[in-house]
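Please consult the sequence and the structure shown here.

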Amino acid sequence: MTDAVSRFDNTTLTGALSRDAVALNNIAKATNDTAHNLAAESTIAGRSRNTFQEVYYSYMGGEAAGVLENDVRYYIRGAGSPMDSQVKTHLSLLGDASFFPVQDPDGNQYFTRVGTFDYSATNQMENHFRMKLLYVPAVNGVLPETPGTLSVLDCSSMHSNAAETSQITFRCGLSGNVGASVTRAITVFDSSGTPRTLNYVFTRNEDWTSSEGSGQSWSLKIQAPAGSTVTGAYSAGDPSNSTVASPVTIEFGTNGCPTSFDGSSTPPTLSITCPGNASINAAMNLGTVGQPNGVIRITGGQSRLQVQANGQTTGAFKSLETTENGNIYANFDNGQSELVGRLAVGLFNNPDGLEMLASGLYSPNAKRSGNVTYSYVGEPPAGNVAVGALESSTVETIPQMAKMIERQQQFNNIITAYSSKKDLLELLNSLGN
């Protein structure tokens, strides 16, 4: 604590008046801080401030003996209660002395506990004071072990990658007379992520007979979109290699299970060249020879075809989801969800030494607060976050009102004493003249 009052000569009226003037100025500052605290009582994550450790005065011979001033102090420690906000992107810090790192439109970094984050016009996450949220990006879904470089949480550039169809799986029961056909359309994705519709056509052939037995025979051909070519097996239309281009023949035994696929125990791979030189190269999971786990022959009833394919088109950003441990997932319009990063918070040796700015912002002070260190949300000592909630203020109204009354009383007492001394000094000066 430092004595901010000059050593006035208390033995003179002039010195006493000067000391009272300093006391009035300091009490005015303290009153302003108390008014700020009362205003912060209803704000999001509001915190108290006090520029004086104690403002006091005493009367000695009718003069204010002193008003001592301390450095600025902020009551930052302690988390307010999370309040449900009904907005999925809002965040409330549960750690006692952790802060969201944020960046203003000019690129300056600050810290705040105001978690009113939402999508901006440019799809960046910012609170209602236009402070952009900083986070630790994941690389291919992998986070650094410890928080490294922070970036603005910008959703405008987020997308999920396309994936070419690599597996086509069948669960089919085929039934029909010789010459009967059954068709099923399915969507697959080429190497550029473009969806393509393929028609799978099963046609019953003449029954097969050999020294190994007899059974039904079906053929499978695939009709690709205009401008595409099915190469080799399964091909229909105008294949690029007519010497091997033909439907695949599936032979079934008396138990209804397949005995061969084009004379082999393994179905051929599907190979298609699409417009723009995009391709589809997929394993055809038609089943296992001797097993009822894919395409089978059934007796009676209608054919039943179930065909599924993996792969996906490029996904455009749809929304963010944050977990209580700070992991951030992006949802895309192709149904995919990916880990894109994690929240990291700023921690300080002495949070009460941070400089309080406007709009719930704080700035570090190396001498008082210490330098910032970062920790992932959900890891000690950072604490978790409440999602879809905002932090209430920690300012208590009744103590602040009591301080305001006390400041007013101090001000009135000193102004009364000041006025009396001023009147006396003016009287003495008039008598001297």
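## Contacts of Q312

In this predicted model, Q312 touches S160, N161, A162, A163, F189, G193, N334 and Q336, where residues up to four places away in sequence are not counted; contact means heavy atoms within 4.5 Å.

The side chains of Q312 and Q336 are joined by a polar contact of 3.1 Å. Such a contact is a pair of N or O atoms within 3.5 Å; within protein, one atom must be able to donate a hydrogen and the other to accept it, and residues adjacent in sequence count only if both atoms are side-chain atoms.

## Position and burial

Q312 is placed in the loop between strand 26 (304–309) and strand 27 (315–322). Strands are DSSP runs of E with at least two residues, numbered from the N terminus. Q312 counts as buried because its relative accessibility is 13%, buried being under 20% relative accessible area (1.4 Å probe, protein chains only).

## Pairing of strand 14

Strand 26 is joined to strand 14 by 6 bridges, and the two run antiparallel; here I168 stands opposite A309. Two strands pair if DSSP finds at least two bridges between them.

Strand 14 (residues 167–174) also pairs with strand 24 (residues 279–285) in the parallel sense over 3 bridges, with T169 opposite N285. Another 3 bridges join strand 14 to strand 25 (residues 295–297), again in parallel, and C172 stands opposite V295.

## Basis of the values

Residues are numbered from 1 along each chain as its sequence is written, and side-chain values use heavy atoms, with hydrogens and water left out. As the model is predicted, local features need pLDDT of at least 70 and side-chain atom pairs count only at pLDDT 80 or more, whereas totals for chains, interfaces and linings use all residues.

How values were computed:
Helices (H or I, at least four residues) and strands (E, at least two) are DSSP runs, numbered from the N terminus. Buried means under 20% relative accessible area, exposed over 50%, partly exposed in between (1.4 Å probe, protein chains only).
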